[in-house]
Every structure is written in structure tokens, then in C-alpha cells.
Amino acid sequence: MSNRAADLDLIALVEATAPYPPAGAGLAAEQTAIIRMCQSPLTVAELTAYLDLPLSTVRTLLGELVDRDLIVVCDSHLASPAPSQHVLKAVINGLRSL
Amino acid sequence: MDFGPSEDSGRIDVMELDQPIPGSVKILVAGGFGVGKTTLVATVSEIRPLQTEEALTEEGIGIDDTSDLAQVGDTLGLAQAGDTSDVAQKTTTTVVLDFGRITIGDDLVLYLFGMPGQNRFSFVRDELSSGAIGAVVLVDPQRLADSSPSIDYFARHGTPYLVAVNGFDDTPRYHLDEVRVALNLDPRVPLLSCDARERKSSKQVLITLLEHVMSRLALGI
């Protein structure tokens with residue numbers, strides 16, 4: 001269940017597998033937009049905001065695109081409730097230097 | 001436009017991408033309505049604060065009267081999907097989620113999510129808090145009780161959090177000790193004052209939270 005469309009994490013990264021949407025694929029306009037926007041990885045949250053659609057709708061659209069191998073989704077590997085001291089220290093230093 | 005429920009879209013395989021994926025750290029910014037969550041996210045985010053909407057069903061909210069739904073939106077100033085005149089048929093409403101991003105380096109990104117404080121949005125909070133390393137609870141010294149549901153939530157779920165009192169120039173003076181007593185706050189929970197409009201102050205809130213998470217980690221909590 002953990003990887004179903006409904007559970008796609010808000011900060012999971014989405015990337016298109018092709019440089020442009022396939023012609024005649026019968027995609028919704030929003031799905032074409034997703035492929036264009038995700039030429040480099042973009043989070044589900046950002047996609048949702050740019051598309052101005054409810055999250056649940058975007059997840060459904062993404063699920064269909066994944067099924068058709070038009071996008072891949074990558075869970076960010078450090079998105080964990082228990083990050084290392086090293087990562088926390090790096091974030092603190094990064095914030096200080098902003 | 002209708003994006004009705006699709007057929008079962010099945011499993012989504014998490015795949016390796018071609019290029020390295022930056023690691024991420026997720027922090028929540030919670031508190032009562034109008035306390036300054038959006039301001040804090042906007043002050044430190046490198047991108048224009050994004051707002052996403054989460055559709056809420058009656059079932060999700062746990063109330064069965066659509067007139068209550070309208071009231072929820074009105075009370076919270078939330079976006080209402082559609083016209084209120086057809087509220088009798090309405091089965092969903094939306095809650096606006098704030099989202100910000102701070103790039104720490106080539107391989108690390110900090111994400112901030114605003115989180116509604118009200119108990120009736122608890123299922124959105126579960127979704128948002130998944131994977132979060134900690135939370136900032138913003139409180140308005142004049143409306144301390146508004147932030148209690150957020151504090152209770154994080155205490156119950158064992159999420160590391162701190163309380164930041166968001167004060168403005170015209171805010172009546174208060175003592176942090178009094179706030180701690182009024183909120184019945186655990187002595188181990190960091191409590192500080194901030195001005196969410198100030199970048200430096202907002203950064204300090206996040207740094208204090210991260211240091212708190214580190215110290216808990218060191219203690220094996």
C-alpha cells in the first residue's frame with residue numbers, strides 16, 4: 001500500500017521519462033503540463049501548487065502517468081523522521097549562512 | 001473539468017532517477033489560524049510560498065452536516081471549492097497548505113509545511129507530519145489557547161517541537177515564563193520569542209528546533 005498514488009509523499013520527486021509528451025497519447029492537458037514541468041525533478045507539493053489543483057487530483061494524474069511509464073517518482077532518501085546528526089548539523093550551518 | 005476517480009492506478013514503483021537526488025529535511029510550521037505560519041514560511045523560503053489545496057471530504061472532517069462545512073471554511077478563511085449557494089450538495093471543501101523550500105546545498109533541501117491547527121483537520125496533519133523531523137508551533141500571546149491543539153498533537157505523536165511566540169511591535173508585553181505556565185508546557189520543550197516577519201528571527205526559530213532535535217537524538221529520545 002505504501003507506494004500507491006494516494007500515498008505519494010508531498011516531497012517525493014517526480015521526473016519525466018521523455019523530453020516531451022508523446023503525441024496522441026490521450027493525456028489530459030494537466031498531464032501534458034506535468035511532463036513539461038518535470039523535465040528536472042520537482043516535488044509533488046510544488047507541482048500541485050503550480051497546477052493549482054487539489055492534491056488528491058494531482059496524485060491521481062501522477063498515478064496514471066506512472067502506470068504509463070511517462071514519469072518516475074523518487075522518494076527523497078533522507079525524508080526520514082530520524083535524520084543523522086550530520087544532516088541536522090549541515091542544515092543548521094546552511095541556515096546560518098543564508 | 002472532471003478528473004473523476006481513475007481506475008485503480010495501482011502501485012507506483014519508486015525508481016532511481018538518472019541524476020543524484022538531494023536529501024531532504026521536512027519541518028512543520030503549526031499553530032492557530034492567523035498566527036503567522038504563512039508569514040514565517042514566506043520569510044525564509046527561497047521560493048514564493050506555494051499554496052496547495054487538499055480536498056477534504058465530509059468523512060475526512062468527521063462531521064455530517066454540510067452547513068458545518070461551510071462554517072469551517074468561513075471561520076478559517078479557507079478557500080471554498082465552488083459557490084456557497086450550492087453548499088447543500090457540497091461534499092468537499094479545501095484547506096490551503098503553505099509550502100516553502102530552502103536549498104542548503106547541492107545535496108540537501110529543507111522543506112517547510114504550514115499545518116492547520118484545528119482538530120477537525122487532523123487527517124491532513126497526519127499526512128503532513130509524515131516524515132517530518134520536527135515542528136514549530138507558533139503562538140499568539142493574546143490567543144494562546146488557539147495553539148493548544150497543535151501542541152497536544154505533537155506531544156501525543158512524539159514529534160520534536162518548540163513553541164515560538166510570534167510578537168509584533170504592538171503586542172502587549174508578556175513573559176515567556178508566563179506563557180510556559182499558561183500552555184502547561186513541558187520544561188524540556190524550547191520556548192522563544194520571534195517575529196515571523198524578520199528573516200533572521202525566523203531562521204533562529206528553525207535553528208533552535210534543529211538543535212533541539214539534535215539534542216534529543218544525542219540522548220536517544
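Predicted model: local features only at pLDDT ≥ 70, side-chain atom pairs only at ≥ 80, totals over all residues.
**Entry 1: chain B as a whole**

I began with the secondary structure of chain B, which comes to 7 helices and 7 strands. Reading along the sequence, I noted the order β-α-β-α-α-β-β-α-β-α-β-α-β-α. Chain B has 221 residues, and 52% of them count as buried. I then looked up its accessible surface, which is about 10600 Å², with 48% belonging to carbon and sulfur atoms. For contacts in chain B between residues at least 6 apart in sequence, I found that 71% join residues at least 24 apart.

**Entry 2: nonpolar cores**

Next I looked up the largest nonpolar core, which has 57 residues. The residues with the most contacts inside this core are L62(A), F113(B), F154(B), Y161(B) and V163(B). Helix α3 of chain A, residues 55-67, supplies the largest share of the core, 6 residues.

**Entry 3: second largest pocket**

I turned to the second largest pocket, which holds about 360 Å³ of space. It is lined by 20 residues, and the closest to its centre are Y161(B), D186(B), R188(B), V189(B) and R216(B). I sorted the lining by type and got 10 nonpolar, 6 polar and 4 charged residues.

Which helix gives the most to this lining? The answer is α5(B), with 5 residues. Both α5 (148-157) and α7 (199-219) of chain B supply at least two lining residues each. Y161(B) turns up in two lists: it is among the residues closest to the pocket centre, and it is among those with the most contacts inside the largest nonpolar core.

**Entry 4: H212(B)**

I picked H212(B), which lies in helix α7 of chain B. Is H212(B) buried or exposed? H212(B) counts as buried, because its relative accessibility is 12% and the cut-off for buried is under 20%.

Leaving out residues up to four places away in sequence, H212(B) touches P160(B), Y161(B), R188(B) and P190(B). Two of these partners, Y161(B) and R188(B), are also listed among the residues closest to the centre of the second largest pocket. Last, I checked H212(B) against I102(B): they are 110 residues apart along the chain, and their C-alpha atoms are separated by 19 Å.

Definitions and conventions. Residues numbered from 1 in each chain as written. Chains lettered and ligands numbered in written order. Heavy atoms only, no water. 1 Å grid on protein atoms, 1.4 Å probe; cavity = no way out; pocket = protein on both sides within 12 Å on 5 of 7 lines; lining within 4 Å. Points joined across faces, edges and corners; volume = space filled by probe spheres on them. Helix = DSSP H or I, 4+ residues; strand = E, 2+ residues; numbered from the N terminus. Nonpolar A, V, L, I, M, F, W, Y, C, P; charged D, E, K, R; others polar. Buried < 20%, exposed > 50% of the residue type's maximum accessible area, 1.4 Å probe, protein only. Contact = heavy atoms within 4.5 Å. Areas by Shrake-Rupley, 256 points an atom, 1.4 Å probe, with all protein chains shown as cover. Core = buried A, V, L, I, M, F, W, Y, C linked by side-chain atoms within 4.5 Å.
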